[in-house]
Amino acid sequence: MQLIVAHGDVVTMNPAREVLRGGAVLAVDGVIEAVGSSSELLRERPRAEVIDATGCVVTPGMINAHQHLTGDPLVRSCIPDLLPPGASIFEWSVPLHGAHTPDDDELATVLCALESVQNGVTTVVEAGTVAYPERVVAGLEAVGLRGTIGTWGWDIEQGPFAAPADEVLDRQRAVVERWPAGGLVTGWVTLVGHDLASDALLVGAADLARKLGTGMTMHLSPTSSDPERYLARTGRRPVVHLEHLGVLGPHLLLGHGVWLDDDEVELVLESRTAIAYCPWAYLRLGQGVTKAGRHAEIVERGGRVALGCDASNAGDVADILRAAAVAAGIARDTRIDPERFGAHTAFELATIAGAEAIGMADRIGSVEPGKQADLVVHRTDGWGWRPRGDVGLQLVWGTDGRSVRDVVIAGKPVVRNGGCVTVDADAVWQEAAGAQRDLLERAGIAVPHRWPEIDAR
Ligand SMILES: [Zn+2]
């Protein structure tokens, strides 16, 4: 199958960061074969399907390196934002996950995948809280979203899907073997992380990821709680302890890594450990990113950082352009330095640098021959684009996912003219409303409404 996206301004994110005005991208069987002149490629491939991107901006698909596909999507904006630390997780998220049925897992994934693709996200890293991986994969495949997937991994004493370390590792291995690298969905070793894993599980998970040649992800230090608990249990800060166990390395993507001290930053850099940075989640949850966050410094020192959107009640919107803008804003404002970490750096994290951080820069993250044809066409008839200025400034500061018109993943059109063409969004939204009611009932949770709601029909 041949597809040409033609006549757009192609932001390649190639090593020279070239932007081709009025350029074209040719995809053959899902892979980018050529990037160049629209007139030439259209003449050479007269039978190719064409997406006319006249007046539009074409970018690589964006990468969301930390996203909970289950649990939260069905209860968006149900978890209050005025809660004591930890309550949103242990009083809300965990019981909701525990009450999830296999059908809920698939529906939540479809919902989140729909939102993602419509915002120009073409790859997601699932954050480590999936009960029914085969149903989550079915949801990703239905929409056509690229992703990595694991299964719930913790060996605490009580909690949904908790199990002894050996059993958790067996489950992880089964997922990675069932979805090997190379397809739309790739199995990863995923732990919940925080202080919710024994040393045996941490070590076993890292060994497994290295042995199977795949990635590993886990949550760590979004707040000061993980450092306090690791210090109490081990006498070491979290990243120092992981180093001591031999868990750090290029296979590892830490979700968050907000509260790192100087030694931990050095260890992250030295070990080439990657971090998924979800700024909106820390702001929504009041976790201290503006005081403690070191992400911009890690980027500036050559470290591996990708952006993430976290969850539908923590970060809320699965839109990497919003995350990119606030990441740049935090970097500049916390140091009161308008000469660091601007829009162009932020857009690198959303694309090629993000791809590198999740170990996929050979396949995605830029518009270059040989890469997977993951492309986003942004319309430029909104206010943030009028009149046209520097494309990097406009992508990050001027717009967000609402400008996304078309999305192609692995050469397959997934969004056309702003609507998903692979699944029926209206039907999914309708189903989700009913599923939310049932899920809350099973979890025994009544959603409080802060303002009185009065029946006025
Ligand atoms: Zn998370």
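**Note on the zinc site and strand E11**

1. Along the chain, the donors of the zinc ion follow the spacing H-x1-H-x150-H-x90-D. They are His66 (NE2), His68 (NE2), His219 (NE2) and Asp310 (OD), lying 2.1 to 2.5 Å from the ion. Donors here are N, O and S atoms within 2.8 Å of the metal (3.2 Å for Na, K and Ca); water is not among the atoms, so sites may look incomplete.

2. This is a predicted model: local features need pLDDT of at least 70, side-chain atom pairs count only at pLDDT 80 or more, and totals for chains, interfaces and linings use all residues. Residues are numbered from 1 along each chain as its sequence is written, and side-chain values use heavy atoms, without hydrogens and water.

3. The four donor atoms subtend angles of 87 to 173° around the zinc ion, so the arrangement is irregular.

4. His66 and Asp310 are both buried (under 20% relative accessible area, 1.4 Å probe, protein chains only).

5. His219 belongs to strand E11 (residues 216-220). Strands are DSSP runs of at least two residues, numbered from the N terminus. Five of the five residues in E11 are buried. Thr217 and His219 point one way; Met216, Met218 and Leu220 point the other way.

6. Pairing requires at least two DSSP bridges. Gly193 stands opposite His219.

Methods:
Buried means under 20% relative accessible area, exposed over 50%, partly exposed in between (1.4 Å probe, protein chains only). Helices (H or I, at least four residues) and strands (E, at least two) are DSSP runs, numbered from the N terminus. Four donors count as tetrahedral if all angles lie between 85 and 135 degrees; four count as square planar and six as octahedral if opposite donors are over 155 degrees apart and all others between 65 and 115; anything else is irregular.
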